[in-house]
Amino acid sequence: MRDVTDSGADPAAGSPLVAEAIRKAAVAWVAVDGGPQLALWCLPLDDALYVVTGPGEQNAPGLADSGTAEVTVRGDHGGRIVTWPAEVTRLAPEGERWATVAPQLAAKRLNASGSPAELAQRWAASGCAINRLAPAGPPSAAGRTLPDGSLAAPPRETPAVRRAARPFRLHRVRRR
């Protein structure tokens, strides 16, 4: 992990598909260290995606401390279009880049109380991380190299049991 105060890493200019996918992304699926892909809302800005994680925000274990991640985005049709490796850079709250990105990211945050400036201040005070996900190489899957299957994860085992309740009736139903 690197803390960045001003400009981030130089974006990979190799793939126009990745660049277009970044510009249109609202949600990205991010996997860290071979873990499960997590859906994270994001802000496309400067040929990279910015996500906020931490207390009271999105939970992405290990993202803020990782140097790399795998990012997948979907297209207009709702299906996956490209997966690429990303360099993860954590913005420092005292940096100029934080001051530029945090209010824009806060303005995109749905159902937040307070103004975007207040939300950005809360993120800095509570230890939230704003992470920049910049392309770090060619796409690992796109077009015909995308998997054909669903890739849906099976439900996790749980000790929770749901008892079958009898139907509730307000009154007796008379049959004619």
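Helices and strands are here DSSP runs numbered from the N terminus, a helix being H or I over at least four residues and a strand being E over at least two. The model is a predicted one, in which local features need pLDDT of at least 70 and side-chain atom pairs count only at pLDDT 80 or more, while totals for chains, interfaces and linings use all residues. Residues are numbered from 1 along each chain as its sequence is written, and side-chain values use heavy atoms, with hydrogens and water left out.

The buried residues of helix 1, which spans residues 16-24, are Val 18, Ala 21 and Ile 22. They lie on the same side of helix 1 because they cover an arc of only 100° around the axis, the arc being that of the directions from the helix axis to the C-beta atoms. An α-helix has 3.6 residues a turn, so residues three or four places apart point the same way. The cover over the buried residues of helix 1 includes strand 4 (43-45), strand 5 (48-53), strand 6 (68-74), strand 7 (80-91) and strand 8 (129-135).

Helix 3, at residues 116-126, has Leu 119, Ala 120 and Trp 123 as its buried residues. Seen down the axis of helix 3, these fall within an arc of 100°, so they line one face of the helix. Strand 5, helix 2 (96-108) and strand 8 are among the elements that cover them, whereas the face turned away from the buried side carries the exposed residues Gln 121 and Ala 125. Ala 125 counts as exposed because its relative accessibility is 72%. Helix 3 is followed by Gly 127, whose phi is positive, near 85°.

The largest nonpolar core has 21 residues, and those with the most contacts inside it are Val 30, Leu 49, Leu 63, Val 71, Val 73, Trp 84 and Leu 133; such a core is a set of buried Ala, Val, Leu, Ile, Met, Phe, Trp, Tyr and Cys residues joined through side-chain atoms within 4.5 Å. Two or more residues of this core come from each of helix 1, strand 2 (27-31), strand 5, strand 6 and strand 7, and strand 7 gives the most, with four residues. Apart from this core lies another, of 18 residues, which include Ala 48, Trp 98, Trp 123 and Cys 128. When neighbours within four places in sequence are left aside, the residues in contact with Leu 49 include Ile 22, Val 71, Val 73, Trp 84 and Leu 133, contact meaning heavy atoms within 4.5 Å.

The largest pocket has a volume of about 230 Å³, and its lining includes Trp 29, Arg 74, Arg 80 and Leu 151. The second largest pocket holds about 180 Å³ of space, and helix 1 gives the most to its lining, with four residues. Among the residues that line this second pocket are Leu 17, Glu 20, Ala 21, Lys 24 and Arg 74.

Some loop residues complete the description. Asp 46, in the loop between strand 4 and strand 5, has a positive phi of about 55° although it is not a glycine, and at 44% relative accessibility Asp 46 counts as partly exposed. Asn 111, in the loop between helix 2 and helix 3, likewise has a positive phi, near 60°, and Asn 111 is exposed, with a relative accessible area of 81%. Most residues other than glycine have a negative phi. Ala 60 lies in the loop between strand 5 and strand 6 and counts as buried at 10% relative accessibility. Not counting residues up to four places away in sequence, Ala 60 touches Leu 38, Leu 40 and Thr 53.

Definitions and conventions. Buried means under 20% relative accessible area, exposed over 50%, partly exposed in between (1.4 Å probe, protein chains only). On a 1 Å grid over the protein atoms alone, a cavity is a set of points where a 1.4 Å probe fits but cannot get out, and a pocket is an open set with protein on both sides within 12 Å along at least five of seven lines; lining residues have an atom within 4 Å of a point. Grid points are joined across faces, edges and corners, and a volume is the space filled by probe spheres set on the points.
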